[in-house]
Amino acid sequence: MARSSSYSLIPGHQSELSMSYGDEGIGAAKTQGKYWGIFICWLLGNGCLFGFNGMLTIEDYYTYLFPKYHPTRIITLTYQPFVLATTAIFTYHEAKVNTRMRNLAGYVLFFLSSFGVIILDVLSLGGGGIGPFIGVCIIAAALGIADGHVQGGMTGDLSLMCPEFVQSFFAGIAASGAITSALRFFTKAVFENSRDGLRKGAMLFSSISCFFALLCVLLYAFVFPKLPIVKFYRSRAASEGSLTVTADLAAGGIKSQPIPLAEETPVHAERLSNKQLVHQNMDYALDIFLIYILTLSIFPGFLAEDTGSHSLGSWYVLVLIASFNVSDLIGRYLPLIEQIKLTSRKGLLVAVVSRFLLIPAFYFTAKYGDQGWMIMLTALLGLSNGHLTVCVLTEAPKGYKGPEQNALGNLLVLFLLSGIFVGAVSDWLWLIGKGW
């Protein structure tokens, strides 16, 4: 599958960057502030899903309030169409979207949604019923719209930078699940025997979600665009014809130069269409789609409702969710070890398809196995999910120009979220024959 030439082979781009940074300055700019950038990307990924992961992690509170409505499954299913539709719209118009405003709007909406959980609970006095449940679903939809702004926007933006930024962002997404699980253990232990213990824990989660979302707004608006490495990669993307980085460059103190006419510098006009990008990367798109179909068909609905009763009692579901989240986080750091990172396109596809053997494994373990085997399977599900996700998203953009990397990042996130939606719907198949 042919790809466009790497930026380093395009003399026009190199000369423009040399004029801005100097030959020696280019090498320094590509590394200066890199570790700060990696850490900030981790925090931005954390804030991307902390609110929704918080809603999933306090599922025992929502199950207590809304026992008849399958809240774990309904909340996930409500969230998915909105994140998918929002991402699809932005992906279609990706080349003309102001990425800075898109991401900032998403993080602000994360903050407002998390704050809305607190307001709803206060207004309903912690009561159940159809009214508060509809309110929870509306908040889940708002979180989906926010995620549709941020996940694709950030992935596209970071795809035109170094692979470590993409890896760190998606590790941060997984870390949000691990952190919420750890906090849920803490709140359950502290508040379990107190009056309104579940409610107090839920409100603590929402308060922390508000803090993370607000922190992300400030970091993305005022700190991230001023890092030298970020300004370098965005300048390079602008020199290759990208229009999506203009506002970010201005925020970093760099005035974007007008793009030369295509007939003067033909290389600026050479940009593969979305259709061409999908055709060249259909295997990567299929990989990411299938990864999340499988994961969401099991997590969190099946783990929360269909694994029976065990000696861990009410802690059992929390242990399973924590097992998935922690192993998912570990899996997203494993590709940093080059010896075990999957880079073969055929190897990735084989690994992705092989994961579907986990479906009968979970079925028979839930029916005949004990809790130890279920925890082990859940950890394997999370580990493979994280590892394969990062492998796909860091390998696919290699060899493309900045505008194409941005577009490809958006497209892969669209396939990822499509897989999540289909997986969340498939999760209901576990209920066949159970009378609901």
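**Salt bridges in the predicted model**

Asp248 forms a salt bridge with Arg234, and the closest N and O atoms of the two residues lie 3.7 Å apart. The structure examined here is a predicted model. Asp248 has a relative accessibility of 1% and therefore counts as buried, because the cut-off for burial is under 20% relative accessible area. Arg234 is likewise buried, with a relative accessible area of 1%.

In total, nine salt bridges are present in the structure. One of them joins the side chains of Asp328 and Arg332, with an N to O distance of 3.2 Å. Asp328 and Arg332 are four residues apart in helix 15 (residues 315–333), so about one helical turn separates them. Both Asp328 and Arg332 are buried.

A further salt bridge is found between the side chains of Glu395 and Lys398, at 3.0 Å from N to O. The two partners fall into separate accessibility classes: Glu395 is buried, at a relative accessible area of 10%, whereas Lys398, at 40% relative accessibility, counts as partly exposed. Elsewhere, salt bridges with shared partners connect Arg100, Asp157, Arg234 and Asp248 into one network.

Technical notes
Residues are numbered from 1 along each chain as its sequence is written. This is a predicted model: local features need pLDDT of at least 70, side-chain atom pairs count only at pLDDT 80 or more; totals for chains, interfaces and linings use all residues. Side-chain values use heavy atoms; hydrogens and water are left out. A salt bridge is a side-chain nitrogen of Lys or Arg within 4 Å of a carboxyl oxygen of Asp or Glu. Buried means under 20% relative accessible area, exposed over 50%, partly exposed in between (1.4 Å probe, protein chains only). Helices (H or I, at least four residues) and strands (E, at least two) are DSSP runs, numbered from the N terminus.
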